[in-house]
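Please look at the sequence and the structure shown here before reading on. The paragraphs below go through them part by part.

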Protein chains: 2
Amino acid sequence: MALAYDGAIQRLIDAFSALPGIGPKGAQRIAFHLLSAPEDEARALIDAISEVKQKVRFCDVCGNVCETSPCPVCMDPRRDHTVICVVEEPKDIMSIERTREYRGLYHVLGGAINPMANVGPADLNIPKLLDRLKTDEVKEVILALDPNIEGEATTTYLSRLLSPLGIRVTRLASGLPVGGDLEYADEVTLGRALEGRRDA
Amino acid sequence: MALAYDGAIQRLIDAFSALPGIGPKGAQRIAFHLLSAPEDEARALIDAISEVKQKVRFCDVCGNVCETSPCPVCMDPRRDHTVICVVEEPKDIMSIERTREYRGLYHVLGGAINPMANVGPADLNIPKLLDRLKTDEVKEVILALDPNIEGEATTTYLSRLLSPLGIRVTRLASGLPVGGDLEYADEVTLGRALEGRRDA
Ligand SMILES: [Zn+2]
Ligand SMILES: [Zn+2]
């Protein structure tokens with residue numbers, strides 16, 4: 001017996017190991033779980049992956065993930081179309097929605113400025129943000145980047161870029177634990193940071 | 001916008017959350033990763049899951065996972081067919097193979113005695129083990145259960161069951177950290193425990 005599993009099992013372990021946050025031991029545990037799981041459970045997972053790849057796209061307006069573009073947030077007339085909250089990733093939108101403190105629109109940058117990883121302003125979804133600000137409807141842009149070095153750099157960059165436009169540019173209040181991911185902030189902390197936002 | 005994601009994304013997050021060792025935040029991270037990943041990566045994962053469900057089965061002799069039954073270990077004439085190492089799960093076989101200290105056969109119980117979880121001897125793959133011992137070829141059974149309460153109970157049970165058969169019954173030497181999973185033991189510790197095995 002070789003020191004790797006039989007073909008199919010090893011390929012499944014490898015496929016799961018390639019996913020973020022799953023190490024070789026975790027991948028092995030999942031592979032054996034699926035192996036013994038009812039056919040239905042494996043089928044549900046396969047269908048869910050394939051459905052997401054088929055149906056889900058990015059909103060042409062804000063960059064959020066959605067099944068129709070523009071996304072439901074951009075199309076919702078009950079939301080405040082004079083405020084845009086700029087975030088790094090689509091998942092950050094869910095974090096902010098959970099605070100129930102915000103009723104405006106969003107804009108997803110697709111990351112943050114990070115010279116170490118060779119990500120500059122040109123790699124982010126900034127031109128579309130500028131297009132959206134050309135309409136006279138938007139009165140405030142809230143910069144809700146992750147409270148870490150890359151988020152700070154991006155906040156500073158956008159603040160300088162947007163301030164000449166005569167639109168109020170704010171950022172989340174400090175109160176967020178520094179060095180972490182916005183995604184992991186609890187609702188109360190994030191809600192308070194949103195409430196106490198200040199000019200950037 | 002509701003506080004759950006649009007249909008397909010939420011279904012994918014739910015499907016990953018159902019896997020062992022993946023929490024809601026981890027599942028969300030994986031879902032967004034797959035969403036942005038190249039079509040090929042999602043396809044490879046789908047194919048790997050579906051291939052395992054189609055091809056992989058359990059060996060009729062030892063209970064190991066395999067693509068052909070009997071499995072390659074049971075069929076290998078170079079292995080020592082006079083020794084059977086009894087383990088809880090197929091993944092434990094890989095842990096023992098990695099020590100390169102063992103050249104005998106295996107028998108997978110499919111778990112351990114655990115009254116709290118309502119798992120008794122009748123729920124384990126014990127009758128097939130007894131069948132295998134009826135041939136006069138087997139001279140030693142090594143009990144390599146997890147070094148925890150359930151593994152100890154199972155070792156004691158099997159030791160009493162097998163000792164009247166006139167076959168040598170041994171267990172792994174202590175040296176394994178108590179309270180853990182055999183799966184997480186490093187090769188050296190596990191190899192030493194195998195070397196120093198004693199009568200059960
Ligand atoms: Zn949108
Ligand atoms: Zn076998």
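This is a predicted model: local features need pLDDT of at least 70, side-chain atom pairs count only at pLDDT 80 or more; totals for chains, interfaces and linings use all residues.

Cys62(A) and Cys74(A) are both buried. Cys62(A) and Cys74(A) are 12 residues apart and link distant parts of the chain. Cys62(A) sits in the loop between β1 (57–58) and β2 (65–66) of chain A, whereas Cys74(A) sits in helix α4 (residues 72–75) of chain A.

Which residues coordinate the zinc ion (ligand 2)? Its donors are the SG atoms of Cys59(B), Cys62(B), Cys71(B) and Cys74(B), at 2.3 to 2.4 Å. In sequence, the donor residues of the zinc ion (ligand 2) follow the spacing C-x2-C-x8-C-x2-C. The arrangement around the zinc ion (ligand 2) is tetrahedral because its 4 donor atoms subtend angles of 104 to 116°, and four donors count as tetrahedral if all angles lie between 85 and 135 degrees. Two of the donor residues can be followed further. Cys62(B) has a relative accessibility of 2%, so it counts as buried. Cys71(B) is buried too, with a relative accessible area of 0%. The cut-off for buried is under 20% relative accessible area.

The next step is to look at chain A as a whole. It contains 8 helices and 7 strands. Taken along the principal axes, the C-alpha atoms of chain A fill a box of roughly 70 × 35 × 35 Å. Of the 200 residues in chain A, 50% are buried. Contacts between residues at least 6 apart in sequence can also be sorted by separation: in chain A, 56% of them join residues at least 24 apart.

How do the two chains relate to each other? Chain A is superposed on chain B by a rotation of 180° with 0.0 Å of shift along its axis, and the RMSD is 0.0 Å. This is the relation of a two-fold axis. Within chain A, Ile46(A) has the C-alpha nearest the axis, 2.8 Å from it. Both copies use the same surface, as 98% of the contact residues of chain A recur in chain B.

Some contacts between the chains can be named. Glu51(A) lies in helix α3 (residues 39–55) of chain A. Is Glu51(A) buried or exposed? It is buried, because its relative accessible area is 16%. Leaving aside residues up to four places away in sequence, Glu51(A) touches Val56(A), and from chain B it touches Ala8(B) and Arg11(B).

A pair of helices also meets across the two chains. The axes of helix α2 (residues 24–36) of chain A and helix α5 (residues 90–99) of chain B come within 10 Å and cross at roughly 140°. The two helices, α2(A) and α5(B), are therefore oblique to each other, since angles over 145 degrees would count as roughly antiparallel. In this pairing, Lys25(A), Gln28(A) and Phe32(A) of α2(A) meet Pro90(B), Lys91(B) and Arg98(B) of α5(B).

Notes:
Residues are numbered from 1 along each chain as its sequence is written. Chains are lettered from A and ligands numbered from 1 in the order in which they are written. Side-chain values use heavy atoms; hydrogens and water are left out. Donors are N, O and S atoms within 2.8 Å of the metal (3.2 Å for Na, K and Ca); water is not among the atoms, so sites may look incomplete. Four donors count as tetrahedral if all angles lie between 85 and 135 degrees; four count as square planar and six as octahedral if opposite donors are over 155 degrees apart and all others between 65 and 115; anything else is irregular. Buried means under 20% relative accessible area, exposed over 50%, partly exposed in between (1.4 Å probe, protein chains only). Copies are superposed by least squares on the C-alpha atoms of residues with pLDDT of at least 70 in both. Contact means heavy atoms within 4.5 Å. Axes are lines fitted to C-alpha atoms, for helices over the stretch in contact, and angles run from 0 to 180 degrees between N-to-C directions. Helices (H or I, at least four residues) and strands (E, at least two) are DSSP runs, numbered from the N terminus. Angles under 35 degrees count as roughly parallel, over 145 as roughly antiparallel, 65 to 115 as roughly perpendicular and the rest as oblique.
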